[in-house]
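Thanks for coming. I will take a few minutes to walk through one model, and you can follow along on the screen.

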Amino acid sequence: MTLADPLTVAGRDSASRPTLRTGRVAARVGLLGGLGLALAVAVVLAAGHGQLDVPPAEVVGSLLHRVGLDLGPLPSHPQGETTLWQVRFPRVVMAALAGAALATAGALMQGVFGNPLAEPGVVGVSSGAALAAATVIVTGWTFAGTWTVALAAFVGGLVTTLLVYTTARDGGRTEVVTLVLTGVALNAMTSAGLAFLMFAGDQQAREEIVFWTLGSLNGSRWEYVAVSGPLAVAGLAAALLMARRLDLLALGDRAARHVGVDVERLRLRVIVVVAVLTAAAVAFSGIIAFVGLVVPHLVRLLAGPGHRILVPASALGGAVLLVLADLWARTAVAYADLPLGMLTALVGGPFFFWLIRRARSSAGGWA
Amino acid sequence: MTAGVLRAAGVTVSLGGTPVLHEVDLAVHPGELVTLAGPNGAGKSTLLSALAGDVPLTAGDVTLDGAPVGSTHATALARRRAVLLQHQGLAFGFRVRHVVEMGRSPWHRTPQADRDDEVVDRAMLLCDVDAFAERVFPTLSGGEQARASFARVLAQETPVLLLDEPTAALDIRHQEALLGVARDVARAGAAVVVVLHDLSLAAAYADRICLLSGGRVAADGPPEQVLTPARLSAVYEHPVSVTRVEGSLVVVPVRAPAGVSAEEDACVS
């Protein structure tokens with residue numbers, strides 16, 4: 001290798017690069033477009049299914065009529081329109097919001113810890129947020145109206161994320177074992193807190209806390225969407241803005257600083273965004289674990305680790321996953337609403353096992 | 001590239017309470033390739049970290065064109081100096097080309113960003129990594145990772161380059177090639193600092209060698225002046241001989257015949 005003539009360099013690559021680039025762009029657009037389409041289909045399907053079935057065409061028709069387009073059929077069942085707009089749509093929208101928020105929070109945490117095992121549920125951030133929310137419910141505080149619970153969940157999530165960050169991180173690195181053990185310790189502490197609240201609270205508070213720990217979208221209302229929606233959208237927008245710099249964090253703290261990243265500031269911002277997103281998901285639906293682990297991992301397998309595609313694809317993928325999981329939760333057993341958190345853990349747990357095994361067999365595992 | 005003068009004045013650094021550098025003075029000028037050499041624990045990497053602005057200084061200051069590196073914003077600093085660390089880690093499976101492109105990030109949203117593709121292509125060609133541009137970085141061998149990381153550092157196009165043992169994992173061909181590129185970059189006007197263990201390699205490529213010993217500068221000057229048998233034997237606590245082979249300085253440890261340890265041999269002589 002000698003100093004090459006720039007002309008030959010340019011000449012040699014001008015032929016191959018454009019096709020490679022356009023190929024990559026096409027793949028990105030294809031993935032995001034495909035996921036967007038899947039989300040639309042999942043929403044229509046999920047909104048139509050339940051104790052009262054509304055055919056997909058009527059769901060689309062009802063939607064179009066609401067936005068002022070006289071297209072498609074309206075629900076033929078007399079209760080159809082009411083069911084769709086008062087029960088199904090708020091629930092499906094909440095599922096999509098929670099899924100997008102959790103998957104994005106997972107992708108962000110993994111980026112900031114440089115570790116694919118970091119996830120709000122695994123490291124205890126979700127349960128920290130739930131504990132704070134449960135405290136507010138039991139004590140009956142309503143200092144911020146409908147926002148009280150979300151605000152408490154945000155503070156709880158923020159405190160636990162900071163705690164994980166300061167305890168699991170040493171010398172600019174986060175060891176897998178330390179991270180997972182920190183999660184074990186945090187989950188133990190939050191479980192104890194929840195147990196105490198159950199012991200101290202009355203019958204109604206106990207039921208609500210059980211609801212938190214199981215995770216469910218049952219009883220979602222537009223009021224909840226009005227709180228979670230802005231939080232999730234703001235968190236997603238912030239995540240997209242940080243995506244490019246998150247790539248650089250993969251180089252390690254020092255090397256990231258050498259290419260111009262203010263590492264500490266970026267990390268603090270990411271932690272706040274993770275807390276916002278976790279709060280948006282947890283505030284009204286309780287702990288839904290493993291979404292943030294499974295979705296970003298699958299996206300990395302498909303599209304590589306670049307955060308500019310990982311973040312939006314995880315958001316869409318998380319939304320699709322939770323909309324479908326929630327559809328399954330409420331239709332698998334007739335007249336029963338299975339806890340959503342139980343279902344995601346049922347699928348996510350084995351996936352976690354597989355991840356750990358894969359990490360052990362690959363050379364060196366994760367640093 | 002504009003001129004960059006990197007200057008350390010009276011730099012003292014303590015790591016975990018242990019003093020590692022004592023009042024080190026060093027100036028690196030545009031067009032120069034300066035090698036930091038010395039035994040293990042002499043403070044080479046710490047001095048490089050101090051020059052990069054990574055470690056807090058107990059005393060003294062490090063300035064780049066007169067501005068202290070410790071208080072310069074990360075992005076502004078990244079446009080002035082690039083650093084190649086001894087160990088390259090990567091948390092996720094990015095492709096080599098993407099890793100090299102990361103070197104362009106300080107120039108994001110500047111007019112220089114228009115040249116990103118051209119600069120990245122050229123850096124990869126110079127480091128002989130263009131052949132595995134689409135491979136996943138963590139699957140490369142240590143030497144290939146080091147070359148890809150050097151390509152990232154070159155792509156940053158800074159007037160100051162700091163390289164910590166860039167040749168440690170490389171074969172002879174790529175050692176020579178990498179230092180050749182580093183020297184060409186210096187000839188083109190950059191100030192280059194390289195930590196090297198191989199003194200013969202340092203003698204061949206360095207304009208100046210800064211020999212460190214116990215956290216202090218033992219000698220600083222052209223290779224012929226710094227690499228004397230007496231000085232090296234004292235600094236490395238091992239007898240060292242310096243010869244000339246085909247016009248270049250070669251530094252070799254004096255090796256005792258089999259069965260006699262070097263220390264005993266040193267005592268005898």
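This is a predicted model: local features need pLDDT of at least 70, side-chain atom pairs count only at pLDDT 80 or more; totals for chains, interfaces and linings use all residues.

Let me start where the chains meet. Chain B puts 30 residues into the contact and chain A puts in 27 residues. On the chain B side, the elements giving two or more residues are α2 (74–78), β6 (81–84), α3 (96–102), α4 (116–126) and α6 (172–187) of chain B. Which of these gives the largest share of the side of chain B that touches chain A? That is α4(B), with six residues. Sorted by class, the chain B side that touches chain A holds 15 nonpolar, seven polar and eight charged residues.

The crossing of α4(B) past α5(B) is right-handed. From α4(B), the residues making the contact are B:Val119, B:Val120, B:Ala123, B:Met124 and B:Leu126; from α5(B), they are B:Ala151, B:Leu154 and B:Ala155. By class, the contact of α4(B) with α5(B) has eight nonpolar residues, no polar and no charged.

Now the core. The largest nonpolar core has 206 residues. The residues with the most contacts inside this core are A:Ala96, A:Ala133, A:Ala153, A:Ala279, A:Val323 and B:Ala182. Helix α4 (residues 80–113) of chain A supplies the largest share of the core, 19 residues.

Which residues is A:Ala153 in contact with, leaving aside its neighbours within four places in sequence? They are A:Ala129, A:Ala132, A:Ala133, A:Ala279, A:Val282 and A:Ala283.

A:Ala153 also takes part in a helix contact, on the side of α6(A), while A:Ala279, A:Val282 and A:Ala283 are on the side of α11(A). The helices here are α6 (residues 147–168) and α11 (residues 263–285) of chain A, which pack at an angle of about 135° with their axes 8 Å apart. That angle makes α6(A) oblique to α11(A). In passing α11(A), α6(A) makes a right-handed crossing. Other residues in this contact include A:Phe154, A:Gly157 and A:Tyr165 from α6(A), and A:Ile271 and A:Thr278 from α11(A). The contact of α6(A) with α11(A) has 15 nonpolar and three polar residues, and no charged ones.

Helix α12 (residues 291–303) and helix α13 (residues 307–331) of chain A have axes that come within 9 Å and cross at roughly 125°. With that angle, α12(A) is oblique to α13(A). α12(A) passes α13(A) in a right-handed crossing. Among the residues in the contact are A:Val295, A:Leu298 and A:Arg300 of α12(A), and A:Ala313, A:Gly317 and A:Leu321 of α13(A). The class count for the contact of α12(A) with α13(A) is eleven nonpolar, three polar and one charged.

A:Ala57 sits in helix α3 (residues 56–66) of chain A. It counts as partly exposed, because 13 other C-beta atoms lie within 10 Å. Not counting residues up to four places away in sequence, A:Ala57 touches A:Gly72 and A:Pro73. A:Trp141 is 84 residues from A:Ala57 along the chain, and their C-alpha atoms are separated by 44 Å.

The other two are in loops of chain B. B:Glu237 lies in the loop between α9 (229–236) and β11 (240–245) of chain B. Its phi is near 50°, a positive value in a residue other than glycine. Is B:Glu237 buried or exposed? B:Glu237 is exposed, with 12 other C-beta atoms within 10 Å, and the limit for exposed is 12 or fewer.

B:Glu246 is in the loop between β11 and β12 (248–253) of chain B. B:Glu246 also has a positive phi, about 50°, although it is not a glycine. B:Glu246 counts as exposed, because it has 5 C-beta neighbours inside 10 Å.

How values were computed
Residues are numbered from 1 along each chain as its sequence is written. Chains are lettered from A and ligands numbered from 1 in the order in which they are written. Two residues are in contact if their C-beta atoms, placed from the backbone, lie within 7 Å. Helices (H or I, at least four residues) and strands (E, at least two) are DSSP runs, numbered from the N terminus. Ala, Val, Leu, Ile, Met, Phe, Trp, Tyr, Cys and Pro count as nonpolar, Asp, Glu, Lys and Arg as charged, and the others, Gly among them, as polar. A nonpolar core is a set of buried Ala, Val, Leu, Ile, Met, Phe, Trp, Tyr and Cys residues joined through C-beta atoms within 7 Å. A residue is buried if 20 or more other C-beta atoms lie within 10 Å of its own, exposed if 12 or fewer, and partly exposed in between; C-beta atoms are placed from the backbone. A crossing is left-handed if the near helix is turned anticlockwise from the far one by less than a right angle, and right-handed if clockwise. Axes are lines fitted to C-alpha atoms, for helices over the stretch in contact, and angles run from 0 to 180 degrees between N-to-C directions. Angles under 35 degrees count as roughly parallel, over 145 as roughly antiparallel, 65 to 115 as roughly perpendicular and the rest as oblique.
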